[in-house]
Amino acid sequence: MPREIVFASEWDDRLAERRADAEAMAAMRADSSSRVLPLWRGRPLIAGADAAQAVWLAPDHPVLADAGPDWIFLGQHEGVARFAADTSSWVPAGMDEAAMSGFFDATEYHHPALPEDHRYAELRGLMMRLGGIEASMASTARGLMNWHASHRFCSACGQPSIAALAGWQRVCPACRAVHFPRTDPVVIMIVERNDHVLLGRSPGWPEGMYSTLAGFVEPGESLEAAVRREVFEETSVRAGRVGYVASQPWAFPNSLMLGCVAEALSEEITLDHELEDAVWLSRAELAQMLAGEHPRIRRPRRGAIAQELMVRWLEGSIGFARSGTDAAAHAV
């Protein structure tokens, strides 16, 4: 049975129908039993080590003084109203801006008003350490905060917009245009041919890091067409049959990863400017890579859908070569 995809877990109830009820939102924000997840620069507040837990604060906690008034209502879970608040106005002592702008900043930031084991940590590093539902709620909050930060001005008239609908909308006071959160669809695909799979690496990635190919879906394009186009653009490999496997919300910054498996019709690789390298790995080499024993290619990040596609293909639960059908075997 396929494993649960990280960031795709569902909590009890998003209560979307309550977002427009200003009185209900105010009452829940004032309720001492409600809980708020602070995020600092997209990093959720956590406690614990290997089995980390998100830290949910009471609405009157002093750390939330760093947050603006526009909390995001996530809904209800385990009988408690859940919010998220952006505390990015806080500036920690000794913060390294250069490290934060890199590929991945593993630094954890401790707020002096919190216990020593409480800290803000990069969500990508927490993927397999947080529980499924807490990871999903943190990812949802991060994605919405990314959207608010990048859509502060109305795209219709250019005037400043304001948050509305409990964080799930922006409204322009000048022209009354209404804007909703944006999610960019991305196809990510494991491409197979003759019991091999095609992996690539982008410039600037850590040494030895390879992954499945991926790219944004263009307007007016089907998922199948996007898979074939992206594979050809990046490697000149022609793809034929395409099957959908699973999806993963990916708030880095605001994407929905649509996992697919594709059957290659050719194998000669010609790289474009997007990739630094691309290789065909045999089944044995892929197993070696996933075990962390490949001499050149490092193990992929656990929790990302790229790794899940590789594992499922290696197990034989997806793919065309073994199914002999016009769709990926046991895709969903």
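I take helices (H or I, at least four residues) and strands (E, at least two) as DSSP runs, numbered from the N terminus. The model is predicted, so I use local features at pLDDT of at least 70 and side-chain atom pairs at pLDDT 80 or more, while totals for chains, interfaces and linings use all residues. I number residues from 1 along each chain as its sequence is written, and side-chain values use heavy atoms, with hydrogens and water left out.

I looked up Gln307 and found it in helix 6. I call a residue buried under 20% relative accessible area, exposed over 50% and partly exposed in between (1.4 Å probe, protein chains only). Gln307 has 16% relative accessibility, so I count it as buried. For contact I require heavy atoms within 4.5 Å. Leaving out residues up to four places away in sequence, Gln307 touches Leu290, Pro300, Arg301 and Arg302.

Just after helix 5, Gly292 has a positive phi of about 75°.

**Cores**

I define a nonpolar core as buried Ala, Val, Leu, Ile, Met, Phe, Trp, Tyr and Cys residues joined through side-chain atoms within 4.5 Å. The largest has 52 residues; Phe7, Leu74, Leu130, Ile190, Leu281 and Leu286 touch the most other members. A second, separate core of 23 residues includes Val36, Val55, Leu57 and Leu114.

**Aromatic pairs**

I pair rings of Phe, Tyr and Trp (its six-membered ring) if their centres lie within 6.5 Å; planes under 30 degrees apart are stacked, over 60 edge-to-face and the rest tilted. I get 9 aromatic pairs. Trp90 and Tyr120 make a tilted pair, 5.9 Å centre to centre with 40° between the planes. Trp90 sits in the loop between strand 5 (80-86) and helix 2 (97-100), and Tyr120 in strand 6 (residues 119-120), 30 residues apart. Both Trp90 and Tyr120 are buried. The ring centres of Trp250 and Phe252 are 4.7 Å apart with planes at 65°, so I log that pair as edge-to-face. Trp250 is buried, at 15% relative accessible area. Phe252 is buried, with a relative accessible area of 15%. One aromatic cluster consists of Trp40, Trp90, Tyr109 and Tyr120.
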